[in-house]
Amino acid sequence: MLTWNELLNEIYRGEKVDTECKLAGKEIPQSVYETYSSFANSKGGDIILGVEEDRSKADPYDRFIIRGVPDPDKLRQDFWNTINGQKVSANILVDDDVYVSTNGEISLLVIHVPRADYTSRPVYKGDNPFKGTYKRNHEGDYHAKEYEVRAMIRDQSSEGNDGTILEGYTMEDIDPSTLSRYRRMFNSDHPDHVWRELSDQDFMEMLGGYRKDHRTGVEGLTVAGLLMFGKGLVIRNEFDNILMDYRDETGANATVRWTDRVTYDGTWENNLFNFFMKVLPKLTSDLKKPFVLRNIQREDDTSVNKAIREAFVNMIIHSDYRMDAGVLKIIKAEDGFTFTNPGNLKLPKEQIYSGGNSKARNPHMQTMLRMVGFGENAGSGFPDILRAWEENGWPRPELEEDTVLNQITLRMNLLITESADKSADKSVDESVDGQLSADKSVVNITLSPRHKDILEYMEPDIFYSRQEISDALGIKRSRTGQLLGELVSSGLISATGATRYRRYVKK
């Protein structure tokens, strides 16, 4: 509850996205229920009854006039009677959310509306969500658009959004090379898995990319299956609002807007898995890598690499691909990284920051990525991002939610403090026997025929496992690991991931 002085501060800072002042007499104004809906469907806020607004005045102290309400206890009871009836779709308040604040003979009725849980949204006035759902912007309450209401209804499902069957879409709409690439990675990570021998359709069904509804007889690709592995043209026909865009703006100037870009250009099948595999090595290619030996292999998968990878995974698994403007945008700049995706947050930011509770909008995509080594355990990803940035002395990564544009942006700035910069320059780490060894960011080596075979086999921007290269070139697995470690040390290739999830990419 706000004190009287705190209420005055709220009132005189003017109506904001989270504050609404209204004049009230003997009855609750009907517009209160529209604001209740808008706050519940946006970021929450306070409705303050008993304040008159003179819109002809600019100064807040002249614009907002404290009138008070004549019978606050009656108004409070009337509000509860209405909110518990049929006026709105759901009562998301507790007793302490509606209270009376009094100063002398003047009383104000305050209604604190929290953001509704995703299982309760949309909260709407009347009995029709498409007519009675409101949202909030800086200009006040507005009728939610149909696609916004449908997005909230989709989010109510405990099973996520990406398991929906797309009628008429079959395995013919899957890009064979993308799925084959994924299966090679899967087989390498899971050499004894029973799914290895399945047909492509059965394999997709186990991943959640293909589904049969035995009650209706309908079967086909799911949203997850098509978006992750589908042919680009087919995806654009079904999801014509979706755009995947990566821009490297490091070194950009007035005449050069970006130095590298990955978007629709006709050179690759535009599905999510290809986008992820093309862009990920570009994001981490020039990050500082300490010289650390573990199990006689150089370990390049730092906490920062993991954090960037997790941010990318989060963008994919939390996007709402049916949103009206569905841009997945990644910008790499001199001062950090920005990830933007369509949709609104399903959980409050404080829960996301603390971790331990994951509500992926696309759980099947989450499974697909995790099965080949991308993505942390449920609920641990964002705390790992925060921890990596804190360790380096960088500003705390910030989630920004725009409930009007219906998009989420994660900003990961790299403004290094002086103390953190000195710490990062200490390129000394534990070697395999626990002793210390000096950092050598690049080691000059003489390329053997085997080194050259590996480099010739690897194509740029494609991730390879040690097992895949071993099988392709007929080199023993242990020797392959040694050769790859030497190529990483030489700077000719880079590596990401640890143990069985380690991947190598040619620069």
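Guide: Let us begin with the word contact, which here means heavy atoms within 4.5 Å. With that cut-off, residues 24 or more positions apart account for 66% of the contacts in the protein that have a separation of 6 or more. Please keep in mind that this is a predicted model, with 19 helices and 23 strands, and that its C-alpha trace spans about 90 × 65 × 45 Å along the principal axes.

Visitor: How do you know what confidence the predictor has in the protein, and where is the mean pLDDT lowest and highest among the elements?

Guide: The mean pLDDT of the protein is 87, and 90% of its residues reach 70 or more, on a scale that runs from 0 to 100. Among the elements, strand β20 (residues 436-438) has the lowest mean, 30, whereas helix α9 (residues 223-229) has the highest, 98. Over residues 417-441 the pLDDT is below 50, and this stretch has 34 contacts in the model beyond near neighbours in sequence. Residues 293-298 also stay under 50, with 21 contacts beyond four places in sequence.

Visitor: Why is N406 called buried?

Guide: Buried means under 20% relative accessible area, and N406, at 1% relative accessibility, therefore counts as buried. N406 has its place in the loop between β17 (398-402) and β18 (407-413), and its phi is near 55°, a positive value in a residue other than glycine. Most residues other than glycine have a negative phi, and most peptide bonds are trans. As for the peptide bonds, a cis one joins R121 and P122, with omega about 5°, and P122 is found in the loop between β6 (106-113) and α5 (129-132).

Visitor: What makes β21 and β23 a pair of strands, and in which sense do they run?

Guide: Two strands pair if DSSP finds at least two bridges between them. Strand β21 (residues 463-464) and strand β23 (residues 503-506) have two bridges and pair in the antiparallel sense, and Y464 has Y504 in β23 as its bridge partner. Strand β22 (residues 493-496) also pairs with β23 in the antiparallel sense, over four bridges, and here the bridge partner of S494 is V505.

Visitor: Why is the pair of F276 and F374 called edge-to-face?

Guide: Ring centres must lie within 6.5 Å for a pair, and planes over 60 degrees apart count as edge-to-face. The centres of F276 and F374 are 4.9 Å apart and their planes stand at 70°, so the pair is edge-to-face. This pair links distant parts of the chain, with F276 in helix α11 (residues 272-284) and F374 in the loop between α14 (363-370) and α15 (381-391), 98 residues apart. F276, at 0% relative accessibility, counts as buried, and F374 is buried too, with a relative accessible area of 3%.

Visitor: How many aromatic pairs does a search of the whole structure find?

Guide: The search finds 19 aromatic pairs. One of them joins F186 and F203, and it is edge-to-face, at 5.2 Å centre to centre with 80° between the planes. F186 lies in helix α7 (residues 176-189) and F203 in helix α8 (residues 200-207), 17 residues apart. F186 counts as buried at 0% relative accessibility, and F203 is buried with a relative accessible area of 0%. Elsewhere, ring pairs link W268, F275, F276, F312, F339, F374 and F463 into a cluster.

Visitor: What makes a set of residues a nonpolar core, and which residues touch the most other members of the largest one?

Guide: The members must be buried residues of nonpolar kinds, among them Phe, Tyr and Met, joined through side-chain atoms within 4.5 Å. The largest core has 76 residues, of which Y182, F275, F312, F339 and M412 touch the most other members. Helix α12 (residues 303-318) gives the largest share of this core, nine residues. Leaving aside residues up to four places away in sequence, F312 touches F275, F276, V279, L280, L283, I330 and F339. A second, separate core has 23 residues, including A24, V88, V98 and A116.

Visitor: How many residues does the protein have, and what part of them counts as buried?

Guide: Of its 507 residues, 50% count as buried. The accessible surface comes to about 24,100 Å², and 46% of this surface belongs to carbon and sulfur atoms.

Notes
Residues are numbered from 1 along each chain as its sequence is written. Side-chain values use heavy atoms; hydrogens and water are left out. Buried means under 20% relative accessible area, exposed over 50%, partly exposed in between (1.4 Å probe, protein chains only). Accessible areas come from the Shrake-Rupley method with a 1.4 Å probe; for residues, only the protein chains shown count as cover. Rings of Phe, Tyr and Trp (its six-membered ring) pair if their centres lie within 6.5 Å; planes under 30 degrees apart count as stacked, over 60 as edge-to-face and the rest as tilted.
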